[in-house]
Amino acid sequence: MDDRNLMENMLLLEKGVCDLFMHGTLESSSADVHQAFSSSLNTALDIQEQIYSKMEQRGWYQSEQADRNKMDSVRMKFGSC
């Protein structure tokens with residue numbers, strides 16, 4: 001397994017962790033539990049961003065620029081709801 005595959009797996013796992021912490025935050029039954037999940041979520045989101053940034057720096061994860069016409073079309077479609 002090469003570095004790129006390892007980083008892709010790390011990113012995927014971290015996204016899963018974020019999802020679990022988010023649901024824990026939403027479903028928490030007390031303020032203390034909510035705060036614990038919320039804090040853990042923020043930490044996991046920071047880690048996810050760091051992994052993404054490293055992958056982007058190496059050219060392994062590239063974002064596409066959104067097409068202006070498509071963005072305007074979506075705005076018009078959902079702006080009129």
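## Helix α2 and its buried side

The buried residues of α2 pack against α1 (3-27). Here, buried means under 20% relative accessible area, with over 50% called exposed and anything in between partly exposed (1.4 Å probe, protein chains only). Helices (H or I, at least four residues) are DSSP runs, numbered from the N terminus.

This is a predicted model, where local features need pLDDT of at least 70, side-chain atom pairs count only at pLDDT 80 or more, and totals for chains, interfaces and linings use all residues. Residues are numbered from 1 along each chain as its sequence is written, and side-chain values use heavy atoms, leaving out hydrogens and water.

So who sits on the buried side of α2? The list is Leu41, Ala44, Gln48, Ile51, Tyr52 and Met55. An α-helix has 3.6 residues a turn, so residues three or four places apart point the same way.

Take Gln48, which lies in α2 (residues 31-57) and is buried at a relative accessible area of 17%. Beyond neighbours within four places in sequence, Gln48 is in contact (heavy atoms within 4.5 Å) with Leu11, Glu14, Lys15 and Cys18.

After α2 comes Gly59, with a positive phi near 80 degrees.

As for the whole protein, there are 3 helices and 0 strands, running α-α-α from the N terminus. A few overall values:

| Property | Value |
|---|---|
| C-alpha span along principal axes | about 45 × 45 × 15 Å |
| Buried share of the 81 residues | 16% |

Conventions
Helix = DSSP H or I, 4+ residues; strand = E, 2+ residues; numbered from the N terminus.
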